[in-house]
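Subject: Model handover and findings

Hello,

Here is the model we talked about. Please open it first, then read the notes below it.

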Amino acid sequence: MAGTRQIHTLSVEASTEHLAEVRDFVADHAKNIGLNQKIISEIRLAVDEAYTNIIKHAYDNNATEKVSIEIGSDDDQLWITLIDNGKSFDPDSYSEPDLMRRIKEKKRGGMGVYLIRKVMDQVQYNRKGKSNEIRMVKNL
Amino acid sequence: MKNFSIATRQNQNVSILDISGELDAHTASQLENALKSLIDNENYSIVVNCSGLDYIASAGLGVFMAYIEDVRSLGGDIKLTDMNDRVYNVFDLLGFPTLYDILDSEQEALHSFND
């Protein structure tokens with residue numbers, strides 16, 4: 001199956017109402033190309049966290065905005081890209097969460113990026129004109 | 001919200017929350033309301049039975065983080081039980097097992113409260 005390359009796209013409003021649909025969208029693609037349950041769970045989590053961050057931070061919960069999601073794969077890699085037109089994310093501002101400190105300070109959140117980096121092999125942020133793009137890659 | 005549900009039971013002085021389905025940024029508020037309501041009613045010994053939980057994202061973990069200090073400072077605890085491996089893995093990635101009592105069964109949690 002050398003050179004087999006499949007890409008699917010989904011455009012959804014930026015609302016947590018669509019989280020289950022977004023997770024199922026990437027899981028369906030992964031199932032169709034025969035990936036195992038562990039990888040499917042990991043990419044469901046990664047797309048959930050990335051999409052949730054866009055809703056909360058790029059768009060400040062404005063559900064009229066749109067997020068475009070692409071999933072693709074070839075023989076070696078699976079990639080998921082999310083594109084929004086909201087506020088940009090500074091990847092340098094990210095740090096590994098100190099769970100104990102967050103609990104003491106009653107802070108929640110800020111764990112999504114860490115989880116994405118844990119379950120995916122590569123994560124890149126790009127600002128293209130007025131759009132933000134996060135591209136997450138899983139080696140197969 | 002069809003993909004998440006929550007129910008509360010009481011076993012002597014311990015309150016048990018049965019959670020099932022998918023816990024994400026959309027459904028986390030249901031868990032938050034249930035926990036708040038227990039705490040408001042002075043129920044501080046809490047078991048969250050996760051046997052029906054198929055999925056958790058960081059928004060769900062955030063709810064447990066927000067209340068654990070209050071509950072412990074009031075002499076109680078939030079113990080988590082009956083997780084499947086996929087759900088446990090997410091808790092584990094963030095280091096929860098060192099800070100939370102995560103047990104195999106509800107029975108164990110009930111015993112540990114009553115010891």
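Let me begin with β4(B). Both of its faces are covered: B:Asp77, B:Lys79 and B:Thr81 are buried on one side, and B:Ile78 and B:Leu80 are buried on the other. That makes five buried residues out of five in β4(B). Buried means under 20% relative accessible area, exposed means over 50%, and partly exposed lies in between (1.4 Å probe, protein chains only). Strands (E, at least two residues) and helices (H or I, at least four) are DSSP runs, numbered from the N terminus. In a regular strand the side chains alternate between the two faces of the sheet.

Some ground rules. This is a predicted model, in which local features need pLDDT of at least 70 and side-chain atom pairs count only at pLDDT 80 or more, while totals for chains, interfaces and linings use all residues. Residues are numbered from 1 along each chain as its sequence is written, chains are lettered from A and ligands numbered from 1 in the order in which they are written, and side-chain values use heavy atoms, with hydrogens and water left out.

The sheet of chain B

β4(B) runs parallel to β3(B), and five bridges join them. B:Ile46 stands opposite B:Ile78 of β4(B). Two strands count as paired if DSSP finds at least two bridges between them. β3 (residues 45-56) of chain B also pairs with β2 (residues 14-23) of chain B, again in the parallel sense, over eight bridges. Here B:Leu17 stands opposite B:Val48 in β3(B).

The whole sheet is open and has five strands, in the order β1-β2-β3-β4-β5 of chain B, with mixed pairing. Neighbouring strands are turned by 25° against each other on average, direction ignored. Axes are lines fitted to C-alpha atoms, for helices over the stretch in contact, and angles run from 0 to 180 degrees between N-to-C directions.

Helix α1 (residues 28-40) of chain B touches β1, β2, β3 and β4 (77-81) of chain B, and its direction makes about 175° with that of β2(B). Helix α2 (residues 58-73) of chain B touches β2, β3, β4 and β5 of chain B, at about 140° to β4(B). Contact means heavy atoms within 4.5 Å.

B:Asp104 sits in the loop between β5 and α5 (106-114) of chain B. B:Asp104 is exposed, with a relative accessible area of 66%. Its C-alpha atom is 9.8 Å from that of B:Asn49, 55 residues away along the chain.

The interface

B:Met65, B:Leu93 and B:Leu94 supply 27% of the area that chain B buries against chain A, more than any other three residues.

Eight residue pairs between the chains are in polar contact, both residues at pLDDT 80 or more. A polar contact is a pair of N or O atoms within 3.5 Å; within protein, one must be able to donate a hydrogen and the other to accept it, and residues adjacent in sequence count only if both atoms are side-chain atoms.

Four salt bridges cross the interface. A salt bridge is a side-chain nitrogen of Lys or Arg within 4 Å of a carboxyl oxygen of Asp or Glu. A:Arg44 forms one with B:Glu22, the closest N and O atoms being 2.6 Å apart. B:Glu22 belongs to strand β2 of chain B. B:Glu22 counts as buried because its relative accessibility is 13%. Residues that B:Glu22 touches include A:Ala20, A:Arg23, B:Phe4 and B:Tyr55.

Best wishes

Methods: Buried area is the accessible area (1.4 Å probe) that two parts lose on being put together, summed over both. Lists of a residue's contacts leave out its neighbours within four places in sequence.
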